[in-house]
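Please read these notes with the coordinates open.

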Amino acid sequence: MSIRGPRKGENYELSVDLNSEYREKRKDAIKRTIASMTVGKDVSGLFPDVLKNMQTEDLEQKKLVYLYLMNYAKTQPELVILAVNTFVKDTDDPNPLVRALAIRTMGCLRAEKIIDYLCDPLQKCLRDENPYVRKTAALCVAKLYDLKPELVIENGFLDQLHEMIADSNPMVVANTVAALTDIHNAATAQPSTSSSDPAIFTITASILNKLLIALNECSEWGRVAVLNALSRYIAQDEKESEHICERVVPQFQHVNGSVVLAAVKVVMIHIRGVRRDDLIKQLMRKMAPPLVTLLSSPPEVQWVALRNINLLLQKRPDVLSNEMRVFFCKYNDPLYVKVEKLEIMVRLANGKNVDALLSELKEYASEVDVDFVRKSIKAIGQAAVKIDTAAERCVNVLLELISTRVSYVVQEAVVVMKDIFRKYPSTYEGVIPTLCSNLDELDEPEAKASLIWIIGEYANKIDNADELLGIFVDSFTEESYPVQLQTLTAVVKLFLKKPDSAQGIVQRVLTTATKDCDSPDVRDRAYIYWRLLSTDPGAAKAVVLAHRPPISIPRTTVSPALLEELLGEISSLASVYHKPEETFVGRGRIGADAVRKGTECVSLLVVLAEPDVLSERMIVFRRRRHSKLSPPDSKRRTYCMCFKARVSAPFAIDGIRDRDFDDAPAVDGEPSGLAATQVFAQTPAAANLLAGTSSNPLDDLVSIFGGGGGGMSASTPAPSFGFGGGNSGLGVDLSSVPATPSVLVPQTPAPPLQQSHSQSTQQEDLLGLF
């Protein structure tokens with residue numbers, strides 16, 4: 001029987017070579033070890049062998065060993081302590097590169113056992129005669145603060161950093177500012193931090209002057225750090241604001257786009273304190289060329305620049321008023337760049353350049369990218385709504401596009417024409433026959449709904465309006481909900497404008513909507529129209545045919561308060577997303593922890609999205625309450641969990657959507673938002689449910705959602721929704737609506753007893769579902 005020798009793998013061969021007596025062989029083994037580590041192989045078992053190769057005069061080999069240590073220090077904390085002596089020795093090396101490498105690596109190890117040995121070498125390196133070592137040591141202080149803040153404060157490292165702001169070397173100043181800013185951000189992230197905390201980096205007038213002096217001498221990374229610090233400075237008066245703007249303007253000429261955007265941010269912040277119109281115009285004029293230059297960058301950088309330019313134009317529309325042509329789309333631009341350019345072109349559109357814009361947009365409408373074509377046609381409509389004098393030219397371009405008979409072009413043009421009719425009512429009625437002739441081309445819900453709206457709005461001027469709407473009434477149950485809603489409203493408008501010829505079609509659509517439609521929104525609207533028409537046609541006309549103000553394009557896509565906040569975050573993700581950082585960083589209402597906890601209550605989000613489900617559950621709760629049934633403990637916990645989610649989920653959902661950051665007061669003094677939730681959760685029943693001490697969760701839920709302390713009894717009549725005054729306030733009660741009422745004959749409400757009996761029957765039917 002043969003005896004098999006020990007298996008030898010790649011790590012074993014590396015271990016042998018790392019302990020070789022030949023220097024080149026050891027160096028080659030270290031390189032192969034780093035290569036294996038880079039591709040994801042586990043070479044942590046070689047830690048002691050690699051550690052033996054730390055003490056060497058070869059700088060390249062030392063860097064490789066330090067790189068290995070940084071990667072595996074967390075998995076081998078006991079062995080890292082063996083490298084301390086070599087680190088301390090290297091911080092006294094005559095070569096400044098070795099000293100800086102040692103102190104940088106010690107700061108990156110992030111091992112608890114090595115932190116205490118880091119302080120003395122760091123003290124020496126902060127006072128090193130070589131600026132390269134000092135600037136490296138400055139960043140090491142920020143890393144140490146992240147690991148152990150109290151150690152940084154006890155050893156006086158923060159005081160040394162403040163002294164280093166006056167350093168003669170601009171790179172040392174830049175790294176010191178970057179370190180102090182990181183420490184400041186880490187300290188302010190803690191809710192218990194006070195303004196007197198030594199970690200708070202307050203920029204004074206003397207620090208400001210030192211930063212302005214160092215600004216022009218730094219590398220591009222250093223300039224970004226200094227400019228970000230300048231953006232936090234609060235100017236004392238107008239003269240200081242002007243001085244900062246004038247000193248920062250030369251950075252507009254820098255080749256690095258990040259430096260340019262950081263300089264733009266500083267100017268946009270401090271220009272708020274400038275009162276001289278001539279200086280403001282001068283600064284805006286100097287800002288335009290560097291922004292245009294950013295558009296010659298790669299597509300990804302272009303997109304970031306375009307998102308920031310979009311914000312700037314919302315605040316200062318005149319910055320690029322003469323530069324529309326640079327935003328014309330190129331054939332090889334990605335879609336995301338083209339879309340941003342379209343939005344900016346519409347913002348820059350005015351009476352002087354609208355002809356060039358329309359010519360360009362018409363060209364885009366013949367592209368092969370369907371999404372881009374749709375957005376281009378939509379941009380034509382936005383230009384028409386924005387510029388009154390150009391509306392007719394825009395309509396003519398849209399008619400030319402409709403004549404192409406391309407399905408998606410025609411459908412988007414119909415949607416755009418609806419907006420033009422809303423802006424200019426009774427102005428371009430001559431195009432309605434052209435739109436109606438393309439009825440067969442429409443197969444998308446939005447296009448159908450738009451054309452139906454146009455027919456209903458101008459029903460008195462379209463001879464065959466009842467025939468056109470009849471097409472949609474015939475296929476009513478097959479259409480999507482938006483089309484059903486629009487058809488319902490348009491037919492009612494037709495009836496109010498032509499009562500003699502439209503009575504049959506309105507009777508048909510109301511019957512279909514109330515009997516055969518499964519959408520509660522459509523049914524509710526049909527019942528409301530039915531009650532209005534049968535009770536008071538005059539009130540129906542006042543409601544359905546009410547005057548609507550013309551639409552307009554908002555000057556900003558975000559609220560003014562949020563716009564000012566985002567302008568202070570230019571060149572960051574906040575300005576790219578057009579959202580404040582707390583909505584996506586994770587410290588705000590929708591952080592990672594909140595999302596993880598929210599997944600436990602997914603079922604409740606369905607209840608929030610479907611109010612009918614909640615109302616049905618409440619009926620069941622009321623029935624069980626009267627039968628004195630108490631749920632098992634497991635169900636009690638489920639109800640409590642649902643209640644907790646009911647309190648918190650709306651805010652989680654609201655955090656995902658775009659928020660309105662205007663500080664608008666609550667209506668009529670009522671609490672809103674989070675304040676309303678806090679009041680809601682302070683009721684005794686809510687407190688019991690949240691604490692899990694409720695003896696009967698069903699009773700408590702009924703008292704909360706059903707109102708009125710003890711909840712609603714089974715015999716409480718359903719609320720009615722009245723319209724008009726006097727005798728027209730009939731409630732929308734399903735039991736009191738006859739199967740096929742005459743539209744023009746007022747209906748008599750059922751007696752209260754009959755209503756109560758019918759509601760009780762409905763509740764019994766619902767109970768059968770459970």
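The points below go from confidence to aromatic pairs.

1. This is a predicted model: local features need pLDDT of at least 70, side-chain atom pairs count only at pLDDT 80 or more, and totals for chains, interfaces and linings use all residues. Numbering runs from 1 along each chain as its sequence is written, and side-chain values use heavy atoms, without hydrogens and water.

2. The average pLDDT (the predictor's confidence in each residue, from 0 to 100) is 78, and 75% of the residues score at least 70.

3. Rings of Phe, Tyr and Trp (its six-membered ring) pair if their centres lie within 6.5 Å; planes under 30 degrees apart are stacked, over 60 edge-to-face, and the rest tilted. The count is eight aromatic pairs. Phe 47 and Tyr 68 are tilted, because their centres are 5.9 Å apart with planes at 45°. Phe 47 is in helix 3 (residues 47–51) and Tyr 68 in helix 4 (residues 59–72), so the pair ties together parts 21 residues apart in sequence. Helices (H or I, at least four residues) are DSSP runs, numbered from the N terminus.

4. Both Phe 47 and Tyr 68 are buried. Buried means under 20% relative accessible area, exposed over 50%, and partly exposed in between (1.4 Å probe, protein chains only). Phe 47, Tyr 68 and Tyr 72 form one aromatic cluster.

Conventions:
Helices (H or I, at least four residues) and strands (E, at least two) are DSSP runs, numbered from the N terminus.
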